[in-house]
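This report looks at a few residues and their surroundings, and then at the confidence of the model. Please keep the sequence and the structure at hand while reading.

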Amino acid sequence: MRYLLLLSLALLGWKAKDPVRIVFFGDSITQAGVQPKGYITEIQQYIAQNHPGQYEAVGAGISGNKVYDLYFRFEEMLELKPQVVVFYIGINDVWHKQSAGTGTDADKFTRFYERMIERLKANNIKVVLATPSVIGERTDASNPQDGDLNYYSGIIRKLAEKHGLGLVDLRKAFLEYNLKNNPENADRGILTTDRVHLNEKGNAFVAEQMIKVLFK
């Protein structure tokens, strides 16, 4: 009977629905996210266990990228044919101001970001924004870029609200986690290896925060 049903569906031209493709668009943190124990790999494993065949998670991260780098490779990202795009960008826009004398001014950051959001919405592609996490894990507001990270995170929250988008507030989540789990006020080693890039626990934590928003 099952064979006859499958044969009938085949004759009618039926085929299984393609999985929803979620593209994670970002910098080195996302580039590393596809490695074993990376946050995208963790999300893929969650999908396999809880939504098999319904979704797929794809990484589109390049080390050193800032928001305008995403803008200039936007068409390349669209070639992946996403139904959902998750932006995880902002750390280098802040960090490189001090470390490399570059970075991105807040007004330009907002304009580049919003243009990409508008283009995706015009093409009926769902958009989710993530705030930048940390540049240093100290809990007493003494990390040099804390002020800028908070400000740029605020920009992203406002964009999410303005455009009715999903928001993964990693900045808020990391600060709360470190307050509970960093009693020595260490600048690294809690969720990061080097104040910025994620360790295994950090990748699992980011995956958990993403999953809460993507699959709620």
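## A buried asparagine

Asn143 is buried, with a relative accessible area of 5% (buried means under 20%, exposed over 50% and partly exposed in between, with a 1.4 Å probe and protein chains only). The model is a predicted one, in which local features need pLDDT of at least 70 and side-chain atom pairs count only at pLDDT 80 or more, while totals for chains, interfaces and linings use all residues. Residues are numbered from 1 along each chain as its sequence is written, and side-chain values use heavy atoms, with hydrogens and water left out.

Asn143 sits in the loop between strand S4 (126-130) and helix H8 (146-163). Its side chain reaches the backbone oxygen of Arg138 at 2.9 Å, and a polar atom of that side chain lies 3.3 Å from the backbone oxygen of Gly136.

Val206, in helix H10 (residues 200-214), is buried with a relative accessible area of 0%. Leaving aside neighbours within four places in sequence, Val206 is in contact (heavy atoms within 4.5 Å) with Tyr39, Tyr88, Leu170, Phe174 and Leu198. The C-alpha atoms of Val206 and Ile43 are separated by 9.4 Å, although these residues are 163 residues apart along the chain.

## Confidence

The protein chain averages a pLDDT of 93, and 92% of the residues score at least 70; pLDDT is the predictor's confidence in each residue, from 0 to 100. Over residues 1-12, pLDDT stays under 50. Where pLDDT is low, the predicted coordinates should not be read in detail.

Terms used:
Helices (H or I, at least four residues) and strands (E, at least two) are DSSP runs, numbered from the N terminus. A polar contact is a pair of N or O atoms within 3.5 Å; within protein, one must be able to donate a hydrogen and the other to accept it, and residues adjacent in sequence count only if both atoms are side-chain atoms.
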